[in-house]
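Here is a short note to go with the structure you sent over. Please read it beside the sequence.

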Amino acid sequence: MGKFYVTTPIYYPSDNLHIGHAYTTVVADALARYHRLLGEDVYFLTGTDEHGQKIQRRAEAAGKTPQAFVDEIVDNIKSLWKLLKISNDDFIRTTEPRHTEKVQRIFQRLYDQGDIYKSEYEGLYCTPCEAFWLERQLVDGKCPDCGREVEKVREESYFFRLSKYADRLMAHIEANPDFIQPVSRKNEMINNFLRPGLEDLCVSRTTFSWGIPVPFDQKHVIYVWLDALTNYITALGYPDEAGKGGLFDRFWPADLHLVGKEIVRFHTIIWPIILMALGLPLPKQVFGHGWLVLDGGKMSKSKGNVIDPVVLVEKYGLDAVRYFLLREVPFGADGVYSEEALVLRINTDLANDLGNLLHRTLSMVEKFAGGVVPAPGGYGPLEEALIAEANLTLEKVQKHMDKLEVSDALAAIFALIGRANKYIDEAAPWSLNKQGNRERLGTVLYTMVEVIRLSAVLLTPFLVETPARIFAQLGLDTDPTAQGLVAGGKWGQYPAGTKVRKGDPLFPRIEWEKETGAEKEKPAPAQPQEKAAPPAAEPEQITYEEFAKIQLRVAKVLAAERLEGTDKLLRLQVRLGSEERQIVAGIAKYYQPEELVGKEIVVVANLKPAKLRGVLSQGMLLAASNGDQLALVVPEKTVGDGAEVR
Ligand code: MSP
């Protein structure tokens, strides 16, 4: 039996969490549930990252002690995970003694073995990111991660010898292609941080006090990222429990650290080096997922554009919100959140496809068989095809989940649900009833019920209430998770002769227009032929003002990768001055992803964000094309990203 140790980042309790935070945790939860359903030994850790200058300042501003300030928010975070039915095995707070005393021992050991030394730090610090920067790493004088002001700090500090381990880390990354995923993030780490060379890291601060004291020099507090990253092992009892057959031996190394893309650097450079210095094996994988964004911008309290998951769950129900988070965005890419998209998912997939399948089926079982599901007679070709598809769906779910393609796994289950709806139309039980063909009718009704039971089992890693509601309506008193995914996902287990219990619709349709008062968009009237666009030979002229509306800017390609499932599209991570964006471009036939990294290109910067194959594109690049040739438009010499093109 395998084991699976999965972690989320530990959250800063500086504000209540928004839907973007819930995203990471819901994905980790689906993965943990999936591995449990395969019978694996699973440990799922989450928690809160409570120290540091940012929290101290927030507490001061709120007129509270840091501890009182974080206690309140941590309670809210715990209630949120309860509301979302997150199945974490532990919740670690970095202010708990079980963590702080272990961090002190880790720090002491690194110091004793010469990996930490005392010196003076003079440099730059971004407090919102709690990150040190070098002058050369800034973008327009601002933090390259969040675009905010950095502060000059000069203080006596302890340093951690990152540089000593840089070659070993590079060798590890190269020898273990799965260590950093997706591959674009790996390239970014290599090109932007490892290749230019690692500096030793400042790992203590003296200008504020909200942190874990350095055990042998109490005026220093331990750098919050060193404190925070070690949660992944202190929660398992390291160092005390190492070698004692407890949680640490059972679960370390982690199978998966799920993190947002902006903190991949801490998890794939600083964290592995800490582990190397401690002589511990490295996590098997760090996966940097994209952000849920609103109107092209990241959600953040300071922008005032946060979406409260509690409100959404109250309004639409837990499984609808979980389904949206897990299904809408291909995992890894940035995705756009909009309430309209959420409602669309509920209405199409959940209400129409799944809800209707159950409703139609139970209505027919009631009408044609007195509410008792008949035993199947012999299966015909229609059933054979559906059963084959059902078996294949279980395989697809496993294949996708093993690659963290959570959205694709759900898409496969909903393809089966769609197929089942089609089966009903083809098998036409109403005609069989009319003809009095009881045997064939029994087979068809049984098949309809069984495909629903099986789909409900397949949905158990993702949805936490609906599968049990479906089972109850099918007249089953068992728990849909009871047999696990593989045994429960096998065809033919519904006990014929069971009386169904048709209930309320699973997901009532939502009237979006009514909800918002928004007017239905009217289709544009068809253009009369005479008014067709002028022929290509005479392009319509525009004024300078019209042209000036288009903002063209130079962008630097930080990472590029092929978009799975297409042979045309590339996903580019680009930087325009202090801002990073993702652009999806149809240039895969003309450029290899590797040759684009580091290039300066020209993009339309104020184009409305759009989704291509479900992936957010925040701009469009310019290219010249002539028949089957295509060439990117690039500045003739390096001008720096962010520069305007006019
Ligand atoms: N405390 C650090 C993590 C330390 S781990 C040793 C931290 N905390 S955080 O609260 O700022 O962010 C926690 C996680 O939420 C990060 O992975 C971050 O990427 C994720 N998200 C925050 N906003 C998000 C979106 N809008 N969309 C998706 N994920 C987002 O970083």
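Predicted model: local features only at pLDDT ≥ 70, side-chain atom pairs only at ≥ 80, totals over all residues.

1. Who surrounds the ligand. The shell around the ligand holds 24 residues. The closest are I10, D49, G260, E262 and L292. By class, the shell splits into 13 nonpolar, 8 polar and 3 charged residues.

2. Which backbone atoms come within reach of its nitrogen and oxygen atoms? At G260, a polar backbone atom is 2.8 Å from an oxygen atom of the ligand. At L292, a polar backbone atom is 2.8 Å from a nitrogen atom of the ligand. G20 has a backbone N or O atom 3.2 Å from a nitrogen atom of the ligand. The ligand exposes 670 Å² when taken alone, and the protein buries 95% of that.

3. Elements behind the shell. Two or more residues each come from α1 (19–37), α7 (224–229) and β12 (256–260). α1 gives the most, with 4 residues.

4. An unreviewed UniProt entry annotates residues 11–21 as a short sequence motif, the 'HIGH' region. The end C-alpha atoms of this span lie 8 Å apart. The span is 27% helix and 0% strand.

5. The UniProt record, an unreviewed entry, places a "binding site" feature at C126, C129, C143 and C146. Why can they be said to gather at one spot? They span 21 residues in sequence, yet no two of their C-alpha atoms are more than 8.7 Å apart, so they gather at one spot. As for C126, this residue is found in strand β4 (residues 116–126).

6. The second largest pocket. Its volume is about 960 Å³. The lining has 37 residues, and the closest to the pocket centre are F331, K403, E405, D408 and E564. By class, this lining divides into 14 nonpolar, 9 polar and 14 charged residues.

7. Where that lining comes from. Which elements supply at least two residues of the lining of the second largest pocket? They are α14 (381–402), α15 (406–427) and β17 (552–562). The largest share, 4 residues, comes from α15.

Terms used: Residues numbered from 1 in each chain as written. Heavy atoms only, no water. 1 Å grid on protein atoms, 1.4 Å probe; cavity = no way out; pocket = protein on both sides within 12 Å on 5 of 7 lines; lining within 4 Å. Points joined across faces, edges and corners; volume = space filled by probe spheres on them. Nonpolar A, V, L, I, M, F, W, Y, C, P; charged D, E, K, R; others polar. Near = heavy atom within 4 Å. Polar contact = N/O pair within 3.5 Å; in protein donor to acceptor, adjacent residues only side chain to side chain. Areas by Shrake-Rupley, 256 points an atom, 1.4 Å probe, with all protein chains shown as cover. UniProt positions renumbered as here; feature names shortened; annotations may be inferred.
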